[in-house]
2 protein chains.
Amino acid sequence: MKTVGELGEIKTIQRLTSMLKPHPNLPTGAGDDCAVTHIPGSDQDQVFTTDPIIESIHFLPTADPKSIGNKAAGRILSDLAAMGAQPQWMLINVVAPPSLNINRLEKIYEGITARCQTFGATLIGGDLAEGSVLELHLFGTGTLPTQSAILRSGAKIGDQIFTTGKLGGSRAGKHLTFLPRVKEGLFLRKTGWIHSMMDISDGLGSDLRHILRASHVGAQLDSTRIPTDHSIKAALFDGEDFELLFTLSPENTMPLLRAWNQKFKTPLYPIGSITNRTEQLELKEKNGTIHLIQGNGFSHFSTP
Amino acid sequence: MKTVGELGEIKTIQRLTSMLKPHPNLPTGAGDDCAVTHIPGSDQDQVFTTDPIIESIHFLPTADPKSIGNKAAGRILSDLAAMGAQPQWMLINVVAPPSLNINRLEKIYEGITARCQTFGATLIGGDLAEGSVLELHLFGTGTLPTQSAILRSGAKIGDQIFTTGKLGGSRAGKHLTFLPRVKEGLFLRKTGWIHSMMDISDGLGSDLRHILRASHVGAQLDSTRIPTDHSIKAALFDGEDFELLFTLSPENTMPLLRAWNQKFKTPLYPIGSITNRTEQLELKEKNGTIHLIQGNGFSHFSTP
């Protein structure tokens with residue numbers, strides 16, 4: 001009889017999701033950035049995601065309230081972006097201590113609605129309950145053409161791996177102020193070239209493993225090409241970068257870079273390639289040495 | 001600068017929902033049992049609701065885990081039923097202390113998926129975070145034909161008020177084991193006769209006020225007809241009955257009762273009528289005396 005703490009976050013989620021049942025209108029259930037459902041009688045799919053953000057875990061009690069709202073909505077929008085979806089509806093459950101100032105809560109809402117507005121989402125409701133620490137539980141939906149969602153499971157051997165921005169050091173501020181890569185995710189999906197995609201929330205070193213596991217492939221990262229203002233370790237494990245991580249065939253990388261640079265001001269970073277060494281995540285050093293990456297990025301309930 | 005505790009649940013929610021923005025595909029935003037959205041290019045609407053259930057508020061730490069799951073899913077399903085919607089998708093955020101036994105959490109999931117299965121909903125994902133007490137934040141969607149959702153705002157002067165079951169005393173057990181009135185809600189919506197509907201979660205005395213406020217009408221309840229195995233006070237204020245409360249024209253009550261009794265084994269209870277005395281909630285005693293009901297049912301953050 002194990003506790004959730006002993007089992008750890010990932011295994012607990014695995015045990016719970018193994019209890020979920022399939023459905024004919026559910027092409028992709030739990031395990032990707034969003035669940036993907038088909039809207040019957042239409043040419044559209046609808047994707048769903050949830051995210052909790054909790055005081056003292058995801059933000060400090062002293063954090064600026066508008067940026068707390070930005071982060072709460074941004075995490076949902078980043079999950080939608082990772083499928084290539086257009087954000088649609090959002091709902092929120094607030095758990096608040098009675099001592100919380102109403103103005104602070106209103107500023108959090110301002111942060112949420114501001115991010116929603118920027119990316120075409122609309123906050124349509126929610127609920128409020130009392131608790132000892134402030135928690136925001138957001139639920140979001142998005143839409144895209146049927147069977148066009150970019151999954152974690154589509155990476156192919158030989159694919160080039162890209163990220164949409166610099167990694168590491170997010171705790172210094174970016175984790176509260178980042179702009180979710182919604183427009184980039186839509187653009188990438190519409191190219192038709194992207195084989196697999198996810199957003200980096202737990203850290204490149206941890207999240208890329210999800211693509212490897214879902215796609216039954218390996219990856220080799222080139223340490224000289226990982227974009228960071230910090231250490232490679234920070235880029236791999238800090239987490240909360242909220243950049244997109246995606247793969248595509250080498251023959252499409254030049255056309256993609258050309259199209260990207262015409263549309264976006266921030267560059268794309270090629271950081272490695274997909275290998276046939278299933279679930280092995282390798283890091284090639286400047287001197288040519290190859291290490292296996294075996295640690296994990298941030299994980300809830302992780303035992304040291 | 002007020003706190004959430006000083007302002008109370010209802011006023012806090014009012015201040016937050018006043019910040020929400022309209023949308024052309026959002027015929028009914030926050031303030032009903034569900035938000036109602038239109039699915040573009042279809043003849044269907046999609047409704048959305050969220051509900052938190054928290055240890056020591058909504059269930060005791062000693063409660064049977066399967067019944068905790070029943071309640072968590074049941075509250076969502078009851079909100080969907082209150083619109084007359086067919087349940088569709090469900091997601092869940094779990095906040096769990098590390099000491100929680102994984103078997104207990106799995107039994108909670110069994111309770112959720114069992115209720116989902118009974119009523120045609122499918123649990124498709126969620127997330128997990130660490131916290132000091134067990135919390136389940138559920139999010140659900142449902143569907144119905146466009147513009148057919150039964151709102152709180154449709155009650156008309158002269159309408160008869162009905163409830164689908166006995167009220168009061170839910171804390172003795174029903175709050176954990178109730179069957180949400182999904183089939184009844186679908187049936188009622190399909191009759192085309194129902195002017196307004198909601199589910200009773202905070203207590204008849206508190207919830208009927210929402211219909212009065214939304215419909216700009218009053219109501220007179222007949223104390224001799226309120227179905228309860230407890231006191232009238234318990235029937236009015238205990239809450240967590242999860243019965244449907246609805247109104248319709250007097251000329252449709254006999255046809256409704258005939259159709260109902262052919263389909264369902266549990267009776268419908270007429271409990272009063274809608275008046276023109278806006279937002280006045282009256283209780284007619286056995287001896288003909290009429291009282292104004294001014295107290296409230298259960299309310300979060302209420303000051304005594």
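Q: What makes two strands a pair?
A: Two strands pair if DSSP finds at least two bridges between them; strands are DSSP runs (E, at least two residues), helices are runs of H or I of at least four residues, and both are numbered from the N terminus. The model is predicted, so local features need pLDDT of at least 70 and side-chain atom pairs pLDDT 80 or more, whereas totals for chains, interfaces and linings use all residues. Residues are numbered from 1 along each chain as its sequence is written, and chains are lettered from A and ligands numbered from 1 in the order in which they are written.

Q: How do you know that strand 6 and strand 10 of chain A pair?
A: Four bridges join strand 6 (residues 160-163) to strand 10 (residues 269-275) of chain A, and these strands run antiparallel. Thr163(A) has Tyr269(A) of strand 10 as its bridge partner.

Q: Why are strand 7 and strand 12 of chain A called edge strands?
A: Strand 7 (194-199) and strand 12 (290-292) of chain A each pair on one side only. The open, mixed sheet of chain A has seven strands in the order 7-9-6-10-8-11-12.

Q: What is in contact between chain A and chain B?
A: Contact requires C-beta atoms, placed from the backbone, within 7 Å; 60 residues of chain A are in contact with 60 residues of chain B. Strand 4 of chain A gives the most to the side of chain A that touches chain B, with nine residues.

Q: Which residues does Met90(B) touch?
A: Not counting residues up to four places away in sequence, Met90(B) touches residues including Ala73(B), Ile76(B) and Cys116(B).

Conventions:
Two residues are in contact if their C-beta atoms, placed from the backbone, lie within 7 Å.
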